[in-house]
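Visitor: I am new to this structure. Please show me how to read it.

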Amino acid sequence: MFSARWQIDAKFGHKQTVLELMRKWEREIGSQVGLTELKFQIMTGSIGAREATVESHHQVESLAQLEAMFAKIGKIDAHAKWGKEMEPYVVSGTSLWNIYRIVE
């Protein structure tokens, strides 16, 4: 099992907007790619992390499941539009994916 973590930093004063847009993505795009089958969480920096950091965690059974999700997302026009809507509120260059193996 893996935890796929996508991290971005919100511009100063725009974290709430970024969180609202992340929830919009969850409802409108994530629901089209099987997000309800994954353990999905949105987190923000608190102690020992940048307060502006917003992370989404996707728990997947396999890398193949993650690749399938990415392939589906790439075909959804609303995802590209969402990215353009999100862009003004995010610090450029902070987008980062980390994939962690879950050890049980």
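Guide: Start with the sheet. Its 4 strands make an open, antiparallel sheet in the order β2-β3-β1-β4. Strands here are DSSP E runs of at least two residues, helices are H or I runs of at least four, and both are numbered from the N terminus. Two strands pair if DSSP finds at least two bridges between them. This is a predicted model, where local features need pLDDT of at least 70, side-chain atom pairs count only at pLDDT 80 or more, and totals for chains, interfaces and linings use all residues. Residues are numbered from 1 along each chain as its sequence is written, and side-chain values use heavy atoms, with hydrogens and water left out.

Visitor: Which strands are the edge strands?

Guide: β2 (39-44) and β4 (96-101), each pairing on one side only. From one strand to the next, the twist averages 20°.

Visitor: How are two packed helices described?

Guide: By the angle between their axes and the distance between the axes. Axes are lines fitted to C-alpha atoms, for helices over the stretch in contact; angles run from 0 to 180 degrees between N-to-C directions. Here α1 (residues 15-28) and α3 (residues 77-86) pack at about 175°, with axes 11 Å apart. So α1 is roughly antiparallel to α3, a label for angles over 145 degrees.

Visitor: Which residues make that contact?

Guide: From α1, Val18, Leu21, Met22, Lys24 and Trp25; from α3, His79, Trp82, Glu85 and Met86. They divide into 6 nonpolar, 1 polar and 2 charged. Nonpolar covers Ala, Val, Leu, Ile, Met, Phe, Trp, Tyr, Cys and Pro; charged covers Asp, Glu, Lys and Arg; the others, Gly among them, are polar.

Visitor: Is histidine 57 buried or exposed?

Guide: Histidine 57 counts as buried because its relative accessibility is 11%. Buried means under 20% relative accessible area, exposed over 50%, partly exposed in between (1.4 Å probe, protein chains only). Histidine 57 lies in strand β3 (residues 53-60). Beyond four places in sequence, its contacts include Ser3, Phe40 and Met43.

Visitor: What about leucine 63?

Guide: Leucine 63 belongs to helix α2 (residues 63-74). At 43% relative accessibility, leucine 63 is partly exposed. Setting aside neighbours within four places in sequence, leucine 63 contacts Phe2 and Ile99.

Conventions:
Parallel < 35°, antiparallel > 145°, perpendicular 65-115°, else oblique. Contact = heavy atoms within 4.5 Å.
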